[in-house]
Every structure is written in C-alpha cells, then in structure tokens.
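Trainee: I have a new model open. Could you walk me through how to read it?
Mentor: Gladly. Open it beside the sequence, and we will go feature by feature.

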Amino acid sequence: MLVEAPDREGATINGVRKTWRKVTLRERLCLITPEGQSPLVGLQSSGKPFVDWATVFRRTSARVRERFEPRSPRTGSGTASPWPRFSD
C-alpha cells in the first residue's frame, strides 16, 4: 500500500486520504513510501506501533549485556584484553 504525503493525522494511501486511526494493524505492515521503505518509525511484528520506548530500550540493553561481556580496556587483571592498548 503506497503512502504519500504523510503527516501527523494521516496520509494518502493508495490515492485515498486516510487517518492513522483508521489504518488497520494488517494494513500497517504493508505500508511503503515511494522509496520502498516503511513510513512508520517503530512497528511491532503484529503491526501495532511502539508506545513504550522505555521498555524497548531496557530490553535491548539487557540483550546487549547478555551477549557481550563489558570490559574495561585496562582491567589490570593480568588477562589478555580484547581492547588495543595505547601509550599515554
């Protein structure tokens, strides 16, 4: 579904002006701009927009911490650090 002239209230979708409130969840997943991109900033896989950004950022931060061990460049622990050492 081609989206043109989007604004705060709605957009022209396939040649017909429609408010965002009237766009169904299924339709939101099919919206594209003339450049082939989604016009929506944050969209869940269900088609609902993200409204609780604090939760999104908290969950993303937790996933990053689980996958990557945060290390200081100079731990002083005697183990090899993955960070390059620079002379001061």
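Mentor: One caution before we start: this is a predicted model. F50 counts as partly exposed, because its relative accessibility is 30%. F50 sits in the loop between α1 and α2.

Trainee: Which surface feature includes F50?
Mentor: A nonpolar patch. V41, F50, W53 and F57 form it on the surface. Together they have about 440 Å² of accessible area.

Trainee: Let me step back. How many helices and strands does the protein have?
Mentor: Two helices and three strands. Now read along the sequence: the pattern is β-β-β-α-α. The helices are α1 at 25-28 and α2 at 53-67.

Trainee: In what order do the strands lie in the sheet?
Mentor: The order is β1-β2-β3, in an open sheet with antiparallel pairing. β1 and β3 stand at the edges with a single partner strand each, so one side of each has no neighbour in the sheet.

Trainee: How many bridges join β2 and β3?
Mentor: Four, in the antiparallel sense. Take two of the residue pairs. A11 has K18 in β3 as its bridge partner. G10 is partnered with T19 in β3.

Trainee: What should I look for in backbone angles?
Mentor: Start with the general rule. Most residues other than glycine have a negative phi. Then look for exceptions. N14 has a positive phi of about 50°, although N14 is not a glycine.

Trainee: Where is N14 found?
Mentor: In the loop between β2 and β3, with β3 at 16-19. These strands make a hairpin with two residues between them, and N14 takes its positive phi there. N14 counts as partly exposed, because its relative accessibility is 49%.

Trainee: Which loop holds A5?
Mentor: The loop between β1, at 3-4, and β2, at 10-13. A5 is another non-glycine residue with a positive phi, near 50°.

Trainee: Is A5 buried or exposed?
Mentor: Exposed, because its relative accessible area is 54% and the cut-off for exposed is over 50%.

Trainee: Now the inside. What is the general idea there?
Mentor: In soluble globular proteins, nonpolar side chains tend to be buried together. Now the case here. The largest nonpolar core has six residues: V3, A11, I13, W20, V23 and L31.

Trainee: Which residues does V23 touch, leaving out those up to four places away in sequence?
Mentor: I13, K18, R28 and L31. I13 and L31 belong to the largest nonpolar core along with V23.

Trainee: Is T33 buried or exposed?
Mentor: Buried, because its relative accessibility is 13% and buried means under 20%. T33 lies in the loop between α1 and α2. Beyond residues up to four places away in sequence, T33 touches L2, V3, S38 and P39.

Trainee: What share of the protein is buried?
Mentor: Buried residues make up 16% of the 88 residues. The accessible surface comes to about 7,400 Å². Carbon and sulfur atoms account for 55% of that surface.

Trainee: What about contacts across the sequence?
Mentor: Take contacts between residues at least 6 apart in sequence. Of these, 15% join residues at least 24 apart.

Note on methods. Residues numbered from 1 in each chain as written. Predicted model: local features only at pLDDT ≥ 70, side-chain atom pairs only at ≥ 80, totals over all residues. Heavy atoms only, no water. Core = buried A, V, L, I, M, F, W, Y, C linked by side-chain atoms within 4.5 Å. Buried < 20%, exposed > 50% of the residue type's maximum accessible area, 1.4 Å probe, protein only. Contact = heavy atoms within 4.5 Å. Areas by Shrake-Rupley, 256 points an atom, 1.4 Å probe, with all protein chains shown as cover. Pairing = 2+ DSSP bridges. Patch = residues over 30% accessible without salt bridge, like charges linked within 9 Å, V, L, I, M, F, W, Y side chains within 5 Å. Salt bridge = Lys/Arg side-chain N within 4 Å of Asp/Glu carboxyl O.
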